[in-house]
Amino acid sequence: MRNESGAATKTSFFSPLMQRRLASFRANRRGWWSLCLFGLLLALTLPAEFIANDKPIVLSYKGQLYFPVFTAYPETTFDGDFETETMYDDPYIIKNIQEHGWMVMPPIPYHYDSINFDIPRAPSPPTSNNLLGVDDQGRDVVARLIYGFRISVLFALTLTFFASLIGIMAGAIQGYFGGWTDLLFQRFIEIWSGLPILYLLIILSSIVKPTFWWLLGLLLLFSWMDLVGVVRAEFLRARNFDYVRAARALGVPEFTILFRHVMPNAFVAALTFLPFILNGAVTTLTSLDFLGFGLPMGDPSLGELLAQGKNNPTAPWLGITGFVILAVLLSLLIFIGEAVRDALDPRKTFQEFR
Amino acid sequence: MALLEVKDLSLQFSSRTEPVVQHVSFSINKGEMLALVGESGSGKSITALSIMQLHPPQTVSYPSGSILFNGEELMGAGDAYMQMLRGRRIGMVFQEPMTALNPLHTIGRQIAEVIRQHRTRPEKEIPARVKELLEMVGLEDFKDRLHAFPHQLSGGERQRVVIAMAIANNPDLLIADEPTTALDVTLATQIIALIKDLQKRLGIAVLLITHDLNLVKRVAERVAIMQQGQLVEQGKTAEVFSHPKHSYTQHLIASVPQGKPRPVPADSEIILATENLRVWFPARKSFFGKALSYKKAVDGVSLHLKRGQALGLVGESGSGKTTFGLALARLQASEGGIFFEGEEISSKKQTDLRPLRQRIQFVFQDPFSSLNPRMNIEDIVGEGLRVHRPDLSRAQRRRKVASMLAEVGLEEAMLERYPHEFSGGQRQRIAIARALIVKPDLIVLDEPTSALDVSLQVQIVELLRTLQTKHHVAYLFISHDLRVVRALCHRIAVIREGRVIERGPAEEIFEHPRQDYTKALIAAAFAV
């Protein structure tokens with residue numbers, strides 16, 4: 001085992017420690033499959049406009065190519081009557097286009113806000129057209145799910161990224177300077193974390209019109225604290241490591257020591273927490289949307305789907321869909337998180353190497 | 001018939017392909033002391049744990065062997081039977097007295113529990129028996145302090161309590177697994193003497209496991225030497241020492257640091273001096289944070305060191321020697337004067353110290369924690385060059401690191417490797433290379449050999465001596481092991497409770513120690 005990892009050192013970009021962790025992560029089959037599945041779902045939903053849209057991806061009309069997903073073309077382009085943007089589900093336009101060319105529709109011909117007028121009533125149960133049915137405003141559930149999943153995950157990823165950035169910096173400052181800085185900062189965090197976050201968000205979101213970035217900023221105010229504790233502890237601990245002392249004895253500037261010797265430890269500790277923070281962010285956004293204080297009206301979101309399920313008990317496909325997708329997403333993140341935590345656990349990583 | 005007979009014992013961990021103990025056979029007679037000696041990783045502790053059947057069955061397998069205790073097979077014996085033996089017929093003393101006792105229970109209760117567990121005595125007699133046991137292990141003072149908690153005891157006292165627990169039920173066999181390794185030298189000799197005394201008085205057979213061959217020379221009737229899972233030699237102690245047959249035994253016996261440091265010209269300049277150096281840690285603080293009393297780790301130490309000279313700073317743990325070393329290198333805040341080549345450095349700011357950092361270097365005790373596991377050897381050794389020789393290109397730096405590695409006995413091919421791929425001795429060489437590459441005038445060596453096996457100690461001492469002659473670097477050698485100090489140091493200062501109690505040329509101290517403390521240290525080291 002020793003020789004193998006030694007030989008791999010020369011070619012691999014990662015340090016042997018990291019290689020061992022990657023191997024340990026991969027050995028956790030549940031975590032590894034969860035990551036693959038999560039990656040697949042993300043890869044499918046990121047280009048949502050090409051998967052679920054009421055506009056063709058590409059069309060050819062009278063020998064010319066058009067890309068309606070990117071550009072809005074007035075109906076007159078296709079010899080329609082109005083100057084407004086083309087409705088591609090209008091039978092007259094479809095007939096026109098098919099006579100003078102062709103068009104490629106996405107696999108799901110609905111945008112998250114396109115209303116299906118062909119159904120008898122809304123909400124309506126799953127059909128071959130609307131695979132998961134239609135919600136109470138006549139919109140296709142699959143399309144809303146795809147966009148809702150994407151926005152949830154993107155929101156969570158952005159929030160986690162910025163929260164970690166602030167959290168690691170705050171923790172590093174506390175742990176590194178110690179003393180009064182640490183003391184005051186700790187007391188501030190204790191008070192700040194005592195604020196009832198949900199109430200505050202509800203009040204704030206009634207003052208400002210919530211958008212994606214507004215919500216992100218508001219949640220960021222409170223979610224950066226998760227990481228401070230661990231990072232601070234790592235910094236306090238690492239200050240007295242022999243190799244940090246050795247570097248100090250060599251006259252290495254403090255800042256370099258911080259980045260070269262101390263920071264990597266803190267990153268490892270932070271990385272362990274990331275999937276769980278991600279989970280928390282998804283849940284917070286969903287509950288805000290569920291309560292109606294989240295993303296603007298009409299925007300697709302998992303929380304809004306759940307709220308619809310609650311309001312329409314006679315349309316179980318709404319509630320069940322929302323529940324299943326949320327349960328799957330959160331479970332996947334937890335499984336990944338567990339695998340990451342186990343892979344980074346020094347006791348576990350070193351066990352086989354004793 | 002032998003009390004304990006181990007025959008053809010092999011043991012394999014399920015995670016490895018090679019057995020870690022291979023065909024080991026030995027026996028212990030009633031009332032006899034057998035010392036099982038070997039370096040770390042030789043499989044001696046694993047062998048002892050299999051006698052007690054303390055390995056979890058899912059992690060180990062025994063390809064061959066049998067263990068007979070009083071003629072009864074222990075291999076594969078049921079848990080109930082083993083529990084009857086453990087603590088009653090076989091007692092065990094572990095290496096680390098700090099963790100062998102439960103911190104939440106009083107010592108009286110912990111000793112009584114062993115007796116109660118096996119119901120060897122009626123409940124009424126237990127308190128008297130506990131007192132008797134404490135007396136037997138030399139803790140007369142604690143007869144009336146059964147309610148003391150482990151944290152109120154020193155390391156040596158705790159180890160005595162552990163021994164009292166081990167002999168509470170008059171066992172036939174006592175297994176002592178490195179009982180002195182975690183203790184100071186003078187305490188170690190006392191504990192060994194106690195075990196020997198109990199063996200004689202109570203007629204207990206003892207299996208003493210240790211890495212220190214010197215320690216068992218006086219006490220064990222027979223010794224067995226283990227190397228890499230194999231028992232290479234066993235026999236009467238005197239015979240093994242006078243006529244070692246196996247080359248490894250010869251090597252172990254010869255592994256006592258030998259030789260003398262090479263003399264330094266008398267007119268060498270003084271490069272470092274301290275004047276009344278103090279490091280006081282506040283022990284108690286008032287409400288407003290003002291220190292009310294201090295723990296005086298270093299209390300007014302004045303020493304000096306000449307170019308190319310080695311000064312041995314000798315003392316037991318807690319005597320303040322490491323703190324002094326850190327203060328000297330300005331890694332620990334202190335009061336008093338530090339003069340480097342006559343220049344006062346104790347009041348300099350950290351940023352002004354940078355040029356000086358190049359000239360005073362530090363080598364730490366534990367080679368496993370002093371190297372950053374995330375960096376390869378080239379980066380670790382080259383770190384000092386990056387700071388002090390920014391003019392060097394990457395290739396030039398690499399060449400310098402490679403030649404430095406060669407000097408400390410490592411190969412250039414190791415540049416790209418990471419610390420975990422090296423043994424303790426190699427790691428310590430890397431740490432020395434890292435210190436030496438910036439061409440310092442003084443290296444503070446904080447117990448650089450105490451975490452290493454004896455044969456490695458000898459090699460490191462020789463390496464240090466060679467490097468000193470070649471580079472004319474001064475050493476402040478901090479150690480509790482006078483054997484190593486004698487082989488390396490020109491002068492010696494004995495430190496106790498933060499104060500230097502005796503100092504002088506090495507020869508003089510060893511020949512005519514004045515203080516009792518120094519005498520005790522010398523007696524412990526050269527166990528005669």
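Which strand pairs with β1(B) in the antiparallel sense over 5 bridges? Here is a friendly walk through the model, starting with that answer.

1. The partner is strand β2 of chain B, residues 21-28. Within this pairing, Leu11(B) has Val21(B) of β2(B) as its bridge partner. Strand β1 (residues 4-13) of chain B also pairs with strand β4 (residues 60-69) of chain B, in the antiparallel sense over 7 bridges. There, Phe13(B) stands opposite Val60(B) in β4(B). Two strands are said to pair if DSSP finds at least two bridges between them. Strands are DSSP runs of E with at least two residues and helices are runs of H or I with at least four residues, both numbered from the N terminus.

2. A word on what you are looking at: this is a predicted model, in which local features need pLDDT of at least 70, side-chain atom pairs count only at pLDDT 80 or more, and totals for chains, interfaces and linings use all residues. Residues are numbered from 1 along each chain as its sequence is written, while chains are lettered from A and ligands numbered from 1 in the order in which they are written.

3. Now for chain B as a whole. Chain B contains 19 helices and 21 strands. Its C-alpha atoms fill a box of roughly 75 × 55 × 45 Å, taken along the principal axes.

4. How much of chain B counts as buried? Of its 528 residues, 44% do. A residue is buried if 20 or more other C-beta atoms lie within 10 Å of its own, exposed if 12 or fewer, and partly exposed in between, with C-beta atoms placed from the backbone. Among contacts in chain B between residues at least 6 apart in sequence, 70% join residues at least 24 apart. A contact here means that the C-beta atoms of two residues, placed from the backbone, lie within 7 Å.

5. One open sheet of chain B has 6 strands with mixed pairing, in the order β6-β7-β8-β3-β9-β10. At its edges are β6 (90-93) and β10 (230-236) of chain B, each pairing on one side only. On average, neighbouring strands of this sheet are turned by 15° against each other, direction ignored. Inside the sheet, strand β3 (residues 33-37) and strand β9 (residues 222-227) of chain B pair in the parallel sense over 4 bridges. Leu34(B) has Arg222(B) in β9(B) as its bridge partner. Helix α10 (residues 247-254) of chain B lies across β9 and β10 of chain B, at about 105° to β9(B). Axes are lines fitted to C-alpha atoms, for helices over the stretch in contact, and angles run from 0 to 180 degrees between N-to-C directions.

6. Another open sheet of 6 strands in chain B has the order β17-β18-β19-β14-β20-β21, again with mixed pairing. β17 and β21 (499-505) of chain B stand at the edges with a single partner strand each, so one side of each is left without a neighbour in the sheet. Strand β20 (residues 491-496) of chain B pairs with β21(B) in the antiparallel sense over 6 bridges. In that pairing, Arg491(B) has Pro505(B) of β21(B) as its bridge partner. Helix α15 (residues 424-436) of chain B packs on the sheet, touching β17 and β18 (442-446) of chain B, and its direction makes about 170° with that of β17(B).

7. Ala164(B) is found in helix α6 (residues 155-166) of chain B. Ala164(B) is buried, with 26 other C-beta atoms within 10 Å. Leaving out residues up to four places away in sequence, Ala164(B) touches Ile111(B), Leu133(B), Leu134(B), Met136(B) and Val137(B).

8. Finally, where the chains meet, 27 residues of chain B are in contact with 21 residues of chain A. The elements giving two or more residues to this side of chain B are α12 (354-357), β17 (360-363) and α13 (377-388) of chain B. Of these, α13(B) gives the most, with 4 residues.
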